[in-house]
Amino acid sequence: MCTGSMDLMSLHQPRIEVSVATQSLRLFDGMRQVREWPCSTSKFGLGSQEGSNKTPLGSFIVKEKHGEGAESGTIFKSRQPVGLWTPGMDTKSDFVLTRILWLHGTQPHNANTFQRYIYIHGTNDEKAIGRPASQGCVRMRNRDVIELFDLVPVSTPVWIGE
């Protein structure tokens with residue numbers, strides 16, 4: 001894993017790989033791994049069925065990015081900022097926070113991913129990062145999703161595998 005600062009211009013062939021087995025998200029530049037963060041995939045398992053709350057597998061691209069410049073902890077509903085969550089805030093809600101990388105499936109079995117609103121995003125349940133706990137999305141710590149968001153452009157390839 002690389003340390004030190006890196007900007008978007010220094011990544012020539014960015015790609016993201018999510019491992020369900022290790023609950024980790026790795027960022028590559030071509031074949032070189034440049035970052036790795038813990039993440040959280042679905043507590044309901046794997047699959048592409050509409051309404052299943054499962055994490056889809058296979059090949060995707062980042063189709064849209066939302067939240068650039070938003071404060072860490074910004075709460076999004078329908079990809080629009082609606083408030084601010086702060087650590088320790090008592091809530092029963094499962095928020096989409098800080099940044100959104102909206103995924104589009106590129107294979108027949110996961111082609112509905114965009115319509116299912118499957119994102120890579122921040123969460124108000126950071127203590128669950130590292131184990132399956134989401135409702136289909138790939139969750140990251142808020143500081144980590146900001147870093148990822150700033151490093152990858154729209155159209156970045158994403159692979160989610162077991």
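Mentor: A pocket is an open set of points on a 1 Å grid over the protein atoms alone, where a 1.4 Å probe fits and protein lies on both sides within 12 Å along at least five of seven lines. The model is predicted, so local features need pLDDT of at least 70 and side-chain atom pairs pLDDT 80 or more, while totals for chains, interfaces and linings use all residues. Residues are numbered from 1 along each chain, and side-chain values use heavy atoms, without hydrogens and water.

The largest pocket holds about 390 Å³ of space, counted as the space filled by probe spheres set on the points, which are joined across faces, edges and corners. Its lining has 21 residues (each with an atom within 4 Å of a point), and those closest to the centre are Val96, Arg116, Tyr117, Tyr119 and Cys137. Strand 5 (74–77), strand 7 (96–105) and strand 8 (119–122) each supply at least two lining residues (strands are DSSP runs of E, at least two residues, numbered from the N terminus).

Two of these names return among the 3 aromatic pairs of the structure (ring centres within 6.5 Å; stacked under 30 degrees, edge-to-face over 60, tilted otherwise; Trp by its six-membered ring). Trp102 and Tyr117 are stacked, 5.5 Å centre to centre with 25° between the planes, and because Trp102 lies in strand 7 and Tyr117 in the loop between strand 7 and strand 8, this pair ties together parts 15 residues apart in sequence. Trp102 is buried, at 5% relative accessibility (buried is under 20%, exposed over 50%, partly exposed in between, with a 1.4 Å probe and protein chains only), whereas Tyr117 is partly exposed, at 43%. The rings of Trp102 and Tyr119 have centres 5.8 Å apart and planes at 90°, so this pair is edge-to-face; Tyr119 lies in strand 8, so the pair ties together parts 17 residues apart in sequence. Tyr119 is buried, at 7%, and Trp102, Phe114, Tyr117 and Tyr119 form one aromatic cluster.

Note on methods
Helices (H or I, at least four residues) and strands (E, at least two) are DSSP runs, numbered from the N terminus.
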